[in-house]
Amino acid sequence: MSEITEPRFWVAVAFILFFVIFGRRLWSVIAGMLDARAASVRRELEEAARLRQEAEAMLRDAAARRDAAIRDADALLVSAQSEATRVAEAARADAEAAARRREQMALDRIAAAEKAAVTEVRTAAADIATRAAERVIATELSPADDAALVDHAIGGLTDALAARRAA
């Protein structure tokens, strides 16, 4: 058999003719598809670059906000510490003032108790002196001496009352 009768030959001829006749058109379609794909890839790369720039800007913004938040937190911490110190000082001062008031109240109570005790002792001493004076007067004074003593006491009564009012 000759080569012209071989089916492989005709398939090769048909293949070559197909590419000769439709090659340019096929090549332009394939090139158009490749160009479209290249343009699509280029757009995607540009979009990726834009997204990266946006992401970097967002990262910088987030870092700046984080730094600002840290500064604010530090300022709040310092403020809270100073407020705590101020409150502690105020509480200490209030506690000291309360202790001083309680101490003064205790001193006032002691003074009042001392005054009451002194008054009680004076009253008891006056009662004892009165009873002793009654006994002495009853046993040792005559009725004339007794009348003179009463007159003398009545005369000194106005001075004693005036001295007591002044005290």
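## Salt bridges along a helix

Arginine 92 and glutamate 96 join their side chains in a salt bridge, with N to O at 2.5 Å. Here, a salt bridge means a side-chain nitrogen of Lys or Arg within 4 Å of a carboxyl oxygen of Asp or Glu. This is a predicted model, where local features need pLDDT of at least 70, side-chain atom pairs count only at pLDDT 80 or more, and totals for chains, interfaces and linings use all residues. Residues are numbered from 1 along each chain as its sequence is written, and side-chain values use heavy atoms, leaving out hydrogens and water.

Arginine 92 and glutamate 96 sit four residues apart in helix α1, about one turn of the helix. (Helices are DSSP runs of H or I with at least four residues, and strands are runs of E with at least two, numbered from the N terminus.) Arginine 92 also forms a salt bridge with glutamate 89, and those two are three residues apart in helix α1, so about one helical turn separates them.

Now for another part of helix α1, which covers residues 7-140. Glutamate 47 and arginine 50 are three residues apart there, again about one helical turn, and their side chains meet in a salt bridge. Glu47 and Arg50 are linked with Glu54 in a network of salt bridges.

| Salt bridge | N to O distance |
|---|---|
| Glutamate 47 – arginine 50 | 2.2 Å |
| Glutamate 89 – arginine 92 | 2.7 Å |
| Arginine 92 – glutamate 96 | 2.5 Å |

How exposed are these residues? Glutamate 47 is partly exposed at 35% relative accessible area, and arginine 50 is partly exposed at 35% too. Partly exposed lies between buried (under 20% relative accessible area) and exposed (over 50%), using a 1.4 Å probe and protein chains only. Glutamate 89 is partly exposed at 42%, as are arginine 92 at 41% and glutamate 96 at 36%.

Across the whole structure, a search finds eight salt bridges.
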